[in-house]
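Work through the exercises below with the sequence and the model open. Each task is followed by a solution in steps.

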Amino acid sequence: MRLPPKRPTLAGNRLLRGGLECRLSLQAVIALFLYAAIPSCGQSNSWAERIANTIIQFNPVNETRARLEIAWDDDAGLQLEGLGAAWYNTANGDYFRYGKGRVDEYLNVIEPRDSENGITNAVGNALLGRQLLLLYRVTLDAKYYKAAARIREQVAAGCSVSSSTSSDLRSKEPCMDQPFLAEYASVFQEPQDFAGITRSFRAWDEISHSSAKAAHTTAADSHTSSIARLAVALVDSLSYYPPEDPGRPELIAMLNRIATEVVHHQGSDTGFFDELPRSTASIRHPPSATAECMLVYALAKGARLGYLPERESSHAQLAWHGVLKDFVQPDTSGAIKLTGLSLGGELSGNSASEDKSAPSHEANKDVSLGALLLAAAEIDLAPTAAIARGETVMLDAWYNSQQRKNAAGQSESFHYKWNDLSNSGYALLGHIFQSYGAMTETLYSAPTQSNLAKAQLYIIVSPDIPIKNPSPNYMTDHDADEIAAWVKNGGVLVLMENDAPNADIPHLNLLADRFGIHFDDVLHHHIIGEQVEDGRIPVAAGGPIFRHPHTLYMKDTCAISLREPAIALLRDRGDIVMATAKYGRGTVFAAVDPWLYNEYTDGRNNPQIYNQFDNFAGGKELVQWLLQQHPHEQLGRERGK
């Protein structure tokens, strides 16, 4: 989430609608009904889905109309970030396609005209930059990289992230573009930028807590709002910091100080975080609802990712209930009504002063719809966010160590990797693990008992063959001994094989055979073009892994043969598709395909064909089962510090 800078005073609120700027009074009170239009794994729609559906319904892409003005304001960017979060929570590809269409629509108008019309600064917005990075990482289309690189050049200079910069950051407005800069540095291998990003955070923190500086801040940009923006920037940037970066512990400590401060002022009755005083002589102001949503997001996400104590999630949920009570009420028809929601994306309070039932924060009830969506998407994860807290899921990058060139000409690891958002990656699978509070890490060297000691789960996927990697690292007997010893001591091993033309089977069997599991060199579930029927795998409810029925999709698989102690978990047309074995205190799970990669889980590819399958929902049940296989005596400890 990119934090909005100080909001300009607007005559009315904005909503991008086919490139035309729509303005409506902030004080207009309307009722906007959000119907459950998009199914989500058989469950009723969450708050995040309802809000996301509203954005799409009232702001369609590619309407035929004159483009009199293009506006990319704070909430437009926040709305798309919220849609991205809702996309990864639900695998609803409509959310991604909408965001892509909106950015494409914007770029198609702005880029040919920016030099002649002087709107380079509008393009050079880090909110837009975050969307460009997402689109590049998902589609690998170089046009998004080029646009993001131009924005990064502008933003990096303004934020003085270069180590050669000698300007005093304390003498100007704080840089608020750290999440974009951190993601760019992580994706495009600019580790030297993190020192400058840390310095900019330090300066921002000093300004936010300086009574002298804050005295010049208007009520529209209160101290709580400033702290909320800082908290969100921290929690969104930390996930891109290298684990060994010296600035990381400092930023985590900074986030914890903020959390302690805001929770201290939380109202036990309303759940709202009271306005923080700038100094002992400062006048207290009611907090903005936008700041409330930002703090909900920052505390909930920080707790889920282990930067904050688990208890902060409870504080976030209490505040969220306050937001719902203050702004949301059910309609008699069963739909959800948000009172005071303008088409511009702002929630405003009851304008009728005679309304005696109005909540206590009438003075400042405007809330960014984008911030509301981000808070809702994070709160959706809160009920399960502590299930695997303290667990580490290690993904192999040794036996599958494929490289590709990115748009910057750099070599990067890809194919079944956590940070690969394209079709070939495991980014969405990683998000599922993280939604339960687990930490995802990658092992780039041969596994040993020592380097696996911190992991509770270890995943090996589709080991390389020469056609995929000219220098493959094959499984050896020694490696198998090390892994087996780790499993015997309580580890959970996940083996995701592939068909022989795409993966090494014989060497992986050096390991799998130790557990009574053998991958057979056959080609099943063979798919030609888009004739997907042979990849259809029906799953009945009530199985050892899958409590609910699913229709899974696997393309070009091998098969599995078993001997004791291994047992079959799922069969299809006579073949064993999934199997498991107990080994000492540990567990081994095996599948004939890496079936949980983004192409077949994230919902954005050819929905007419692939929406009939639900690998995403099946993957969530598999993740739950895997997490249950490990003894959980270590759950609940803090991590990431």
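The exercises cover model confidence, a disulfide, a pair of strands and one serine.

This is a predicted model, in which local features need pLDDT of at least 70, side-chain atom pairs count only at pLDDT 80 or more, and totals for chains, interfaces and linings use all residues. Residues are numbered from 1 along each chain as its sequence is written, and side-chain values use heavy atoms, with hydrogens and water left out.

**Exercise 1. Confidence**

Find the average pLDDT of the protein chain and the share of residues that score at least 70.

Solution. pLDDT is the predictor's confidence in each residue, from 0 to 100. The chain averages 82, and 76% of the residues score at least 70. Over residues 64-69 the pLDDT is below 50, and this stretch has 12 contacts beyond near neighbours in sequence (contact: heavy atoms within 4.5 Å). Residues 633-641 also stay under 50; for them the model has 29 contacts beyond four places in sequence.

**Exercise 2. The disulfide**

Identify which cysteines form a disulfide, and describe the link.

Solution. A disulfide is a pair of cysteine sulfur atoms within 2.5 Å. By this rule the count is one. The partners are Cys159 and Cys175, with sulfur atoms 1.9 Å apart. The angle about the S-S bond is 80°, and the link is right-handed. Cys159 lies in helix α7 (residues 142-159) and Cys175 in the loop between α7 and α8 (178-187), so the pair ties together parts 16 residues apart in sequence. Helices (H or I, at least four residues) and strands (E, at least two) are DSSP runs, numbered from the N terminus.

Next, check accessibility. Buried means under 20% relative accessible area, exposed over 50%, partly exposed in between (1.4 Å probe, protein chains only). Cys159, at 3%, is buried, and so is Cys175, at 9%.

**Exercise 3. Strands β8 and β11**

Determine how β8 and β11 run and how many bridges join them.

Solution. Two strands pair if DSSP finds at least two bridges between them. Five bridges join β8 (residues 392-396) to β11, and the strands run parallel. Leu395 stands opposite Thr442 in β11. Four of the five residues of β11 (residues 439-443) are buried, so this strand is largely enclosed by the rest of the structure.

**Exercise 4. Ser401**

Is Ser401 buried or exposed, and what does its side chain reach?

Solution. Ser401 is in the loop between β8 and β9 (403-405). Its relative accessibility is 17%, so Ser401 counts as buried. The side chain of Ser401 reaches the backbone oxygen of Trp398 at 3.5 Å. A polar contact of 3.0 Å joins the side chains of Ser401 and Asn469. A polar contact is a pair of N or O atoms within 3.5 Å; within protein, one must be able to donate a hydrogen and the other to accept it, and residues adjacent in sequence count only if both atoms are side-chain atoms. Leaving aside neighbours within four places in sequence, Ser401 is in contact with Asp464, Asn469 and Asn473.
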